[in-house]
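Here is a short tour of a protein chain, written to be read with the model open beside you.

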Amino acid sequence: MKKWFIKAGFYSGVFKILLRGRGSGAFHILMYHHVTERDEIFLPHVTARVFGEQMEYLKREYRVQGLDELVEMVGRGEEIPARSVAITFDDGYEDLYRNVFPVLKKYDLPATVFVSTGFIDSDRLPWTDELGFLFKETASTGLEIEIGGSRERFSFPDEAARLGVFREVKNRLKALYEPERVDLFERIKEQLAVPQSNPVRILAGSHIKEMAEAGISFGAHTVHHPILTRIPPGRAQEEIRGSKQTLEAIIGEEVKGFCYPNGGKDDFNDVIKSMVQHAGYQYSCTTMEGTNGPAADRYALKRTWTSEPSLPLFAARLLRMGSL
Ligand SMILES: [Zn+2]
């Protein structure tokens, strides 16, 4: 669909009519990462302004429910009310405390934050965030690394090229098994030679406790954010169980939800799904795009990406997908 057509549809009220016509049965799970003060092209994000608009729109046009409750309804075979939506955040960045928590309180909206617990109260982050920071800040204009058995040179004379190389290198690293990935990351870090440290943090334990007490739900997202199919099964099990225990100790409540790091079709499998189930989780989220109906696999829930910069595009994305 053309952008002008979407905009016209949104502002003329056609979207409202389409929305009213949507039946019950399936729900969206919106997926956010960072919510930042300004555009941060090296991070998966929406800005606080865009996020505020989206929440106001959801409050007005949709029925926002807690993800735990929606999954329980599906489990009991209950009909999901029309226009049901759950809101989720991956990784649990500190910007949620500043830019999300007040907005959720303002509109009284439930949400679930999936935290990688090994980074709580530390200055460390998932490696993909660290890689983004290195590419954002580096003064280098090139990189030479050995990857997958061949020597490769990347050059990035300007920011646009740097962003492109960052994305390519990130995806190449994601495909590697852990020891090789860790080694290569260290070599890239040396070459990009960024002297300052990354100011971005994961939520502090005290923030998590405060948000949980105010009604925000928390789910686990492993301890160190590895892609679970790229590490040995024994370690995957520790990552799945350990994050649940740590989070439950902080919030003093049962943690029901899990979320697969990276969450694509190659990033979990039946063995991993059964580990999640046996660890005591009621459900798990992927990053695969789609809605969830009565027959949805509770351990492979689909989600809706939310990076749309304008409200009409966001509204169109919600309307186009599945049958709400
Ligand atoms: Zn993540």
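## Helix α4 and its surroundings

The buried residues of α4 pack against β1 (28-32), β5 (84-91), β6 (112-115), β9 (217-220), β10 (257-259) and β11 (283-289). Helices (H or I, at least four residues) and strands (E, at least two) are DSSP runs, numbered from the N terminus. Residues are in contact when their C-beta atoms, placed from the backbone, lie within 7 Å.

Helix α4 covers residues 67-75, and its buried residues are L67, L70, V71 and V74. Viewed down the axis of α4, these fall within an arc of 95°, so they line one face of the helix; the arc is that of the directions from the helix axis to the C-beta atoms. Buried means that 20 or more other C-beta atoms lie within 10 Å of a residue's own, with C-beta atoms placed from the backbone. Just after α4, G77 has a positive phi of about 75°.

## How to read the model

This is a predicted model, in which local features need pLDDT of at least 70 and side-chain atom pairs count only at pLDDT 80 or more, while totals for chains, interfaces and linings use all residues. Residues are numbered from 1 along each chain as its sequence is written.

## Two domains

The chain is divided into domain 1 (15-123 + 201-320) and domain 2 (127-192), with bounds from an automatic or database domain assignment. Their centres, taken over C-alpha atoms, are 28 Å apart. Eight residues from domain 1 and ten residues from domain 2 make the contact.

Terms used:
Contact = placed C-beta atoms within 7 Å. Buried ≥ 20, exposed ≤ 12 C-beta atoms within 10 Å, placed from the backbone.
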